[in-house]
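Please read them alongside the coordinates.

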Amino acid sequence: MTDATTLFARLRPRLHAIAYRMLGTVADAEDVVQEAWLRWNEVDRPALDSPEAWLVTVATRLSIDRLRKLKAQRESYVGVWLPEPILTESPETPEEIRERRDDVSLAFLMLLERLSPDARAAFLMREVFDADYGEVARILGKTEAASRQLVRRAKQQLREARPRRAVPQEIHRRLLGAFADAMRRGDFHELRALLSEDAELIGDGGGRVPAFARLAGGKRLAQLFYAVKRRHGEGLRVEVAQVNGEWALLRFIDGVLESVQAFETDGERIVRVFVQRNPDKLAVVATAWGKR
């Protein structure tokens with residue numbers, strides 16, 4: 001490979017990480033990276049002060065432009081739009097856990113949908129990718145003062161909607177394990193006990209398959225999960241997996257991935273469930289799981 005190809009290959013994961021956090025779908029992120037590659041092959045590389053900075057800027061601006069178009073499309077999306085899940089490896093060390101944080105969780109990506117494209121980019125570059133304000137300003141083509149304002153407002157917007165306290169991964173994993181076991185056994189009372197009184201389910205079928213856009217109440221959610229077991233019996237399989245940096249459940253019906261379920265908990269019970277059922281958004285996880 002040429003030096004230019006080697007450099008792009010080294011930076012590709014970072015460019016994809018930026019685009020995925022901006023757009024929430026794998027295909028759109030890959031399109032952005034491919035467009036960045038095409039531009040990389042056309043630019044006068046020796047004239048660049050920092051090829052890495054140039055590529056990050058291009059990927060971010062391409063993501064902003066694409067997100068503006070996607071926001072318009074998502075307004076006519078059938079039901080609730082949820083991000084596309086991806087399988088992730090479990091962090092092995094405390095340092096890896098701290099580095100990962102929750103910046104790619106489905107719940108976090110959902111919160112980012114509240115932000116304008118520019119605000120989302122400014123927030124991500126500053127708070128997730130640790131860019132200084134001068135770099136954020138250069139990437140966005142704005143003044144440093146305007147960039148600070150974008151980040152400040154984005155943080156305020158997100159702070160109002162985020163859970164007040166983080167739950168340790170081991171507690172989250174234990175709750176999900178118990179919930180998965182109750183699903184496998186069809187234990188309605190255990191399902192009910194693990195859900196808070198006001199638990200909420202948010203589902204995405206994309207108009208492709210039936211899905212509850214929103215369903216509230218722990219008892220109603222327990223009845224829903226119980227009914228799936230009653231209907232499919234031994235054809236139901238539930239696996240615990242790392243999805244978007246957090247523990248989640250993969251539900252299979254007759255060997256086919258039917259949904260990816262991400263959970264928010266208060267450390268004692270489940271308070272929110274994100275259920276991705278859109279087959280188009282399950283393909284990446286299904287393929288990755290099949291290779292394990």
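Predicted model: local features only at pLDDT ≥ 70, side-chain atom pairs only at ≥ 80, totals over all residues.

1. Gly217 is buried, at 16% relative accessible area. Buried here means under 20% relative accessible area, exposed means over 50%, and partly exposed lies in between, using a 1.4 Å probe and protein chains only. Gly217 sits in the loop between strand 2 (214-216) and helix 11 (218-232). Its contacts, leaving aside neighbours within four places in sequence, are Glu197, Asp198 and Ala199, where contact means heavy atoms within 4.5 Å.

2. Residues are numbered from 1 along each chain as its sequence is written, and side-chain values use heavy atoms, with hydrogens and water left out.

3. His172 belongs to helix 9 (residues 169-185). Helices (H or I, at least four residues) and strands (E, at least two) are DSSP runs, numbered from the N terminus. His172 counts as buried, at 7% relative accessibility. Neighbours within four places in sequence aside, His172 is in contact with Val167, Trp247, Phe263 and Thr265.

4. Which residues touch the most other members of the largest nonpolar core? They are Met22, Leu112, Met125 and Leu140, in a core of 50 residues. A nonpolar core is a set of buried Ala, Val, Leu, Ile, Met, Phe, Trp, Tyr and Cys residues joined through side-chain atoms within 4.5 Å. Two or more residues each come from helix 1 (3-23), helix 2 (26-42), helix 3 (51-74), helix 5 (106-112), helix 6 (117-128), helix 7 (133-140) and helix 8 (144-159). Helix 1 gives the most, with 11 residues.

5. Not counting residues up to four places away in sequence, Leu140 touches Arg61, Ile64, Asp118, Ala121, Ala122 and Leu150. There is also a second, separate core of 26 residues, which includes Leu194, Ala222, Val228 and Ile270.

6. Helix 6 is largely enclosed by the rest of the structure, because 10 of its 12 residues are buried. The buried residues are Pro117, Asp118, Ala119, Arg120, Ala121, Ala122, Phe123, Leu124, Met125 and Val128. Their cover includes helix 1, helix 3, helix 5, helix 7 and helix 8.

7. From first C-alpha to last, helix 6 reaches 15 Å, close to the 16 Å expected at 1.5 Å a residue; the expected span is 1.5 Å times one less than the number of residues. Just after helix 6, Asp130 takes a positive phi of about 60 degrees.

8. The axes of helix 6 and helix 8 come within 8 Å and cross at roughly 90 degrees. Helix 6 is therefore roughly perpendicular to helix 8. Axes are lines fitted to C-alpha atoms, for helices over the stretch in contact, and angles run from 0 to 180 degrees between N-to-C directions. Angles under 35 degrees count as roughly parallel, over 145 as roughly antiparallel, 65 to 115 as roughly perpendicular and the rest as oblique. Asp118, Ala119, Ala122, Phe123, Arg126 and Glu127 of helix 6 make the contact with Leu150, Val151, Ala154, Lys155 and Leu158 of helix 8.

9. For helix 2 and helix 3, the axes come within 9 Å and cross at roughly 135 degrees. Helix 2 is therefore oblique to helix 3.
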